[in-house]
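Welcome, and thanks for opening the viewer. Keep the selection tool handy, and we will go from stop to stop together.

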Amino acid sequence: MSNHNEVKELTEGEKIRISLVLAKGQDESLRVPSDPIAVPSSTRKKGLSAIINHLLDRKVVPDGGETDVSDSESDDDDDKLPAIPFDFLLNNKLLRVSVEAAARRDGLSLEQAVEIKYFPARQAPEGDGESEMLPDWISSMCSTSSILCAGNCDGSIRVFSNSEQFNQKDVVKSHSGPIKCISSCPLSGSGTDTTVIATGSMDQTLLTHTFGNDGKLMLHGVYSGGHSSSINSVCILNNNGDILMASGDWDGGLCIWKLPSIGDNLSLEPSGKKRKGTSTERTIQDISPTVYFKAHSNNISGIGWGYQANNTLLTSSWDHSIKSWDVETQNNILTLNGAKVATCLGRCHNSDVVATGHPDCTVRLWDMRSNSKNEGNVFDGSLRPSHKAWISAVEWSPVDPYVLSSASHDGTIKVWDIRSSVPLHIVKAHSKGCKALCLSFADGAIYSGGSDCMVKRFKFQ
């Protein structure tokens, strides 16, 4: 292949031999020959991306900016497909320094060609709509494939369509105090496209609502007898049709609840509305916890159900610890202690690796997979401090196990690939002086809410 030979003669001077390998699961049309080639040892991400585009006979964006090209070369480029920005993995770490520096850092031999995997780079999310100004701060968020749910400090729940229009579908005033946490999941057995939404509040109340094809929020259940302080974390799980819910409070108390069937509440009036004198109105069920125990000595800031284990819960707390629990026995399976308060928690969609946010502007990763050979690991400090204020929320991509996002009181949203210690992208989500208080990472978009009283959407291209 003539292009392949041309690459070997790109520059003179000190060179290093590399082998470019298309990462697993990528489009085969992007594959280039993996035969070793020599490149300048100082070559970085942009230079390697130019090489691959050259080999693919695409337009090449020169490393280091524009260069003089002849008219004939410019005409030739006009006929080519546009350049694709690529990212690179060397020893399973994103390449953020020169090839030689990365190889020497990891102790790789330069006697043989250094294998570098490549794949199309994830582009920065761009603004793609926002809500109207709401009456109060947006304090919590969650999303499904079709809707975005937002909890407000005025005690109201709002549901937005996450379609192209991004419009508000319904709103109800459900709590007398600020909503501190929200979680949702599809309900089975109703024969309709119905979602159950759980909210916990500073007023010590825990409620569930349903949202169905009629576009209305309807009160589903009231949960009492468990918490006696602000409910700051909640997570719902659809366990083969049985809907389970875990909630944590300011004092470190943890409750497990079983939600009533949707069939028991199909005739309920929309939340906040009453129809007097009708025989079809039913009393809302008052549900008691199936389990209550003291899980932490301080505020439970985050909860997640274990991956492929409906009897396992993962919790984070202001007592500096991250814990794994057996729900049936209430036994503490694993405890990992950190040096800082954990303000939020998010679990990877296909493992029990979790990320936590902290007041010291750092996102930390924890491996909660516990077995006879592995008692859990903490990757403390693997993501460099990048935010400039308290981290209020972390959430993983629903499709990519390496990508997560974080929100901070500095008003920014940051997108991370855990194979690098620095963020992929920084999004100025809210105006100067406004805090980002919550986020939701949907498939193809990130939603952010904050103290500017607006929900904002940022879409990946």
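In which loop does His-320 lie? Select His-320 and look at both sides of it: this residue lies in the loop between β21 (309-317) and β22 (321-326). Keep in mind as you go that this is a predicted model.

**Stop 1**

Most residues other than glycine have a negative phi. His-320 is partly exposed, with a relative accessible area of 29%.

Now select Gln-204, in the loop between β12 (195-201) and β13 (206-211). Gln-204 is not a glycine either, yet it has a positive phi of about 75°. With a relative accessible area of 40%, Gln-204 is partly exposed.

**Stop 2: the whole chain**

Zoom out and switch to a cartoon view. The protein has four helices and 34 strands. Of its 461 residues, 53% count as buried. Among contacts between residues at least 6 apart in sequence, 54% join residues at least 24 apart.

**Stop 3: the nonpolar cores**

Next, select Ile-18, Leu-20 and Ile-116. In the largest nonpolar core, which has 24 residues, these three touch the most other members. To see where this core comes from, colour β1 (15-22), β2 (37-40), α2 (45-55), β3 (86-90), α4 (99-105) and β5 (114-120), as each of them supplies at least two of the core residues.

Which residues are in contact with Ile-18, leaving aside its neighbours within four places in sequence? They are Asp-35, Pro-36, Ile-37, Val-39, Leu-48, Val-99, Ala-113, Val-114 and Ile-116.

Apart from this core lies another, of 18 residues; Ile-413, Val-427, Leu-439 and Phe-460 are among them.

**Stop 4: rings that meet**

The structure holds eight aromatic pairs. Begin with Phe-86 and Tyr-118, an edge-to-face pair with 5.6 Å from centre to centre and 80° between the planes. Phe-86 is in strand β3 and Tyr-118 in strand β5, so the pair ties together parts that are 32 residues apart in sequence. Phe-86 is buried, at 1% relative accessible area, and Tyr-118 is buried too, at 0%.

Move on to Trp-250 and Trp-318. Their ring centres are 5.1 Å apart and their planes stand at 70°, so this pair is edge-to-face. Trp-250 lies in the loop between β16 (242-249) and β17 (253-258), and Trp-318 in the loop between β21 and β22, so the pair ties together parts that are 68 residues apart in sequence. Trp-250 is partly exposed, with a relative accessible area of 37%, and Trp-318 is partly exposed at 25%.

Then select Phe-160, Phe-166 and Tyr-447, which ring pairs link into a cluster.

**Stop 5: charges over rings**

Show the side chains of Arg-419 and Tyr-402. The charged end of Arg-419 sits over the ring of Tyr-402, 3.8 Å from its centre. Phe-460, one of the residues of the 18-residue core, has the charged end of Arg-122 over its ring, 4.9 Å from the centre.

**Last stop: cysteines**

How many disulfides are there? The count comes to zero. Two cysteines to select are Cys-255, buried at 0% relative accessibility, and Cys-348, buried with a relative accessible area of 3%.

Key: Residues are numbered from 1 along each chain as its sequence is written. Side-chain values use heavy atoms; hydrogens and water are left out. A disulfide is a pair of cysteine sulfur atoms within 2.5 Å. Buried means under 20% relative accessible area, exposed over 50%, partly exposed in between (1.4 Å probe, protein chains only). Contact means heavy atoms within 4.5 Å. A nonpolar core is a set of buried Ala, Val, Leu, Ile, Met, Phe, Trp, Tyr and Cys residues joined through side-chain atoms within 4.5 Å. Rings of Phe, Tyr and Trp (its six-membered ring) pair if their centres lie within 6.5 Å; planes under 30 degrees apart count as stacked, over 60 as edge-to-face and the rest as tilted. A charge sits over a ring if NZ of Lys or CZ of Arg is within 6 Å of the ring centre and within 35 degrees of the ring normal.
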